[in-house]
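Subject: Structure handover

Hello,

Please find the structure below. My notes on it come after.

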Amino acid sequence: MNTDPIADYLTRIRNAVAAKHRMVEIPASSLKKDITKILFEKGYILNYKFDDEKDFGTIKIALKYHPVTKMPAINEIKRVSTPGLRKYVGASDLPRVMNGLGIAVLSTSKGVITDKEARTLGVGGEVICYVS
């Protein structure tokens, strides 16, 4: 039993990047799928595939590295809001990760979006994680 599946998701990605793996396989949920789509759209991962078989599905993520220097696209991925301490922000208090170079993933009334999208929509929500 896992008390924080999002922290487990982020830790699996962080560990796979540190070990220079090309692929990582993670148990699926709808929130994890939404975060994976955002990471792909913003260029932090190379590709992904959702395998929905029976009751338990998985997410296969192909990690992205620079072709010459072999540096990973994800330098840091950090959980912000935890089950023990939720972190909510209003539309006027949205965080900036690395002065706009990174992204903050938020769960809002408009769905799971980045901090930049939340600014344009004028909504706040729960800060899930920072990616840079």
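The notes cover a sheet with the helices on it, and then one threonine.

This is a predicted model, in which local features need pLDDT of at least 70 and side-chain atom pairs pLDDT 80 or more, while totals for chains, interfaces and linings use all residues. Residues are numbered from 1 along each chain as its sequence is written, and side-chain values use heavy atoms, leaving out hydrogens and water.

The sheet is open and has 3 strands in the order 1-3-2, with antiparallel pairing. Strands (E, at least two residues) and helices (H or I, at least four) are DSSP runs numbered from the N terminus; two strands pair if DSSP finds at least two bridges between them. Strand 1 (23–27) and strand 2 (45–52) are the edges, each pairing on one side only. Strand 3 (residues 57–63) is joined to strand 2 by 7 bridges; Asp51 has Thr58 as its bridge partner.

Helix 1 (residues 5–18) packs on the sheet and touches strand 1 and strand 3 (contact: heavy atoms within 4.5 Å). Its direction makes about 165° with that of strand 1, where axes are lines fitted to C-alpha atoms, for helices over the stretch in contact, and angles run from 0 to 180 degrees between N-to-C directions. Helix 2 (residues 30–41) lies across strand 1, strand 2 and strand 3, at about 155° to strand 2.

Thr108, in strand 6 (residues 103–108), is buried because its relative accessible area is 13% (buried means under 20%, with a 1.4 Å probe and protein chains only). Leaving aside residues up to four places away in sequence, Thr108 touches Ile113, Val123, Gly124 and Gly125.

Regards

Definitions and conventions:
Buried means under 20% relative accessible area, exposed over 50%, partly exposed in between (1.4 Å probe, protein chains only).
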